[in-house]
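Please look over the sequence and the structure below, and then read the briefing that follows, which goes topic by topic.

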Amino acid sequence: VEETLSFFLSKREQDLIEVALDGNPAFADVAAEDFGAILLDWNDFVGECESGFEGDLEDYRMGLHLRDIVDHVVSNSEPELGQKILDIIVEPDQKFRQILTDCRKRLDPPPHKATAEATPFWYQGVVGKQGFTLRRDLIRQGWFRPHP
């Protein structure tokens, strides 16, 4: 039996989330989507990374973008709602932190983060169980250096 997140977002909370997303052009395209689905997609992405990520670097970045969306909502919502969302994803976040390797390096942060603040944890390192395609793409991006 696969574990999944269990939560409820009220209509009011969904409306607040939609306003937070709609206010940023980087996220406006997902504002009308069910935010619960985004939380579940983040959880699924973390599960896939735990078992071995088989997608390419673009697929991986799309997974990280899910967490960017969540982060934006948490940062641009009422504190109570932000904390509720963080409580919902505490387990996937903990799992993702545990499976990141080489945390001295980072993937480039998303383009909408133009501030000098610290890079979010999900961009610190890369998952340890990479499929061939992701590993190939990371090598091409200079993540791994071939041994002489």
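What covers the buried residues of helix α1 includes α2 (35-51), α3 (57-75) and α4 (79-88), where contact means heavy atoms within 4.5 Å. Helices (H or I, at least four residues) and strands (E, at least two) are DSSP runs, numbered from the N terminus. This is a predicted model, in which local features need pLDDT of at least 70 and side-chain atom pairs count only at pLDDT 80 or more, while totals for chains, interfaces and linings use all residues. Residues are numbered from 1 along each chain as its sequence is written, and side-chain values use heavy atoms, with hydrogens and water left out.

**Helix α1**

- In α1, the residues Glu13, Ile17, Ala20 and Leu21 are buried, a word that means under 20% relative accessible area, whereas exposed means over 50% and partly exposed lies in between (1.4 Å probe, protein chains only).
- Seen down the axis of α1, the buried residues fall within an arc of 95°, so they line one face of the helix; the arc is that of the directions from the helix axis to the C-beta atoms.
- On the other side of α1, Lys11, Val19 and Asp22 are exposed.

**Isoleucine 38 in helix α2**

- Isoleucine 38 is found in helix α2, and at 3% relative accessibility this isoleucine counts as buried.
- Leaving aside residues up to four places away in sequence, isoleucine 38 touches Val30, Glu33, Leu66, Ile69 and Val70.
- Isoleucine 38 and valine 70 are 32 residues apart along the chain, and their C-alpha atoms are separated by 7.8 Å.

**Aromatic rings**

- Rings of Phe, Tyr and Trp (its six-membered ring) pair if their centres lie within 6.5 Å, and planes under 30 degrees apart count as stacked, over 60 as edge-to-face and the rest as tilted.
- By this rule the count comes to 8 aromatic pairs.
- The rings of phenylalanine 53 and tyrosine 60 have centres 5.6 Å apart and planes at 75°, so this pair is edge-to-face; phenylalanine 53 is buried, with a relative accessible area of 2%, and tyrosine 60 is buried at 0%.
- Tryptophan 122 and tyrosine 123 form a tilted pair, with 6.4 Å from centre to centre and 45° between the planes; tryptophan 122 is buried at 3% relative accessibility, and tyrosine 123 is buried at 4%.
- One aromatic cluster is formed by Trp42, Phe45, Phe53, Tyr60 and Phe96.

**Two arginines**

- Arginine 97 lies over the face of phenylalanine 121, at 3.9 Å from the ring centre; a charge sits over a ring if NZ of Lys or CZ of Arg is within 6 Å of the ring centre and within 35 degrees of the ring normal.
- Arginine 104 is found in strand β1 (residues 100-106) and is exposed, with a relative accessible area of 75%.
- Arginine 104 and glutamine 124 are 20 residues apart in sequence, and their C-alpha atoms are 7.0 Å apart in space.

**The chain as a whole**

- The secondary structure of the protein chain comes to 6 helices and 2 strands, and from the N terminus on the elements run α-α-α-α-α-β-β-α.
- Of the 148 residues of the protein chain, 41% count as buried.
- Among contacts between residues at least 6 apart in sequence, 70% join residues at least 24 apart.
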